[in-house]
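Trainee: I would like to go through this model and ask what lies behind the terms used for it. Please set each value against its definition.

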Amino acid sequence: MDQDSVGAGLAAWLRVMPTGVDADVEAARQRIGRLSRQFEQVLGRAAAAHDLTPGDWQALSALHRSGEPPVLTPKELGDLLGVTSGTVSVRIDRLARAGLVERVAAADGRSRPIRLTRKGRARWAAATKQRTDDERGLFAGALEPDRLTALNTLLADLLARFESEFGPASTVDRIGGEG
């Protein structure tokens, strides 16, 4: 197997780190971070193939998971995605122009909720299927099924420890600095 970018640069990085840094912990941290950024690349490629930005996919995904019917106010969507009201507004306008979401009448007249359209649900499903198919292929090319099971067990233990320290991790996929 080829050496990864962490393995190639870890020794040089450790030479400039403070004394006592655990090489295995540092290597694992760097690998997890780099894999996270690589997953963003997979999503970006799948989203672009379906005329979406990763942020568009995030918004459609949040709406898709919001219940039946899939409706959220702009504030709820922004809170879920961790983005500003201005970012949400631009994103909603772009998705509405594409026919992927529509504004619905609000009970109180203040904030018009948005809902996923059939076209939005279909576009989200197609991009998500491509993303998951691509990820399955990448995993299968690197790990046998029993090693993937072992990896999931290890990652579950690690995530549980981090969540016991910092609280539950967000259940919403967040893309890079977009929140």
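Mentor: Start with Asp-133 and Lys-129, which both lie in helix H6 (residues 118–142), 4 residues apart, about one turn of the helix. Helices here are DSSP runs of H or I with at least four residues, strands are E runs of at least two, and both are numbered from the N terminus. The model is predicted, so local features need pLDDT of at least 70 and side-chain atom pairs count only at pLDDT 80 or more, while totals for chains, interfaces and linings use all residues. Residues are numbered from 1 along each chain as its sequence is written, and side-chain values use heavy atoms, with hydrogens and water left out.

Trainee: Why is the contact between Asp-133 and Lys-129 called a salt bridge?

Mentor: A salt bridge is a side-chain nitrogen of Lys or Arg within 4 Å of a carboxyl oxygen of Asp or Glu. For Asp-133 and Lys-129 the N to O distance is 2.7 Å, so the pair meets the definition. Side chains of opposite charge can pair when their charged atoms come close. Lys-129 and Asp-133 also belong to a network of salt bridges with Arg-136.

Trainee: What makes Asp-133 count as partly exposed?

Mentor: Buried means under 20% relative accessible area, exposed means over 50%, and partly exposed is in between (1.4 Å probe, protein chains only). Asp-133 has 27%, so the residue counts as partly exposed.

Trainee: How do you know whether Arg-131 is buried or exposed?

Mentor: Arg-131 has a relative accessibility of 17%, and therefore counts as buried. Its salt-bridge partner is Glu-135, at 2.8 Å from N to O. Glu-135 has a relative accessible area of 13%, so this residue is buried too. Arg-131 and Glu-135 are 4 residues apart in helix H6, which means about one helical turn separates them.

Trainee: Which parts does the salt bridge between Arg-115 and Glu-102 tie together?

Mentor: The closest N and O atoms of Arg-115 and Glu-102 are 2.7 Å apart. Arg-115 lies in strand S3 (residues 114–116) and Glu-102 in strand S2 (residues 101–103), so the pair ties together parts that are 13 residues apart in sequence. Arg-115 is partly exposed at 32%, and Glu-102 is partly exposed at 33%.

Trainee: How many salt bridges are there in the whole structure?

Mentor: The search finds 12.
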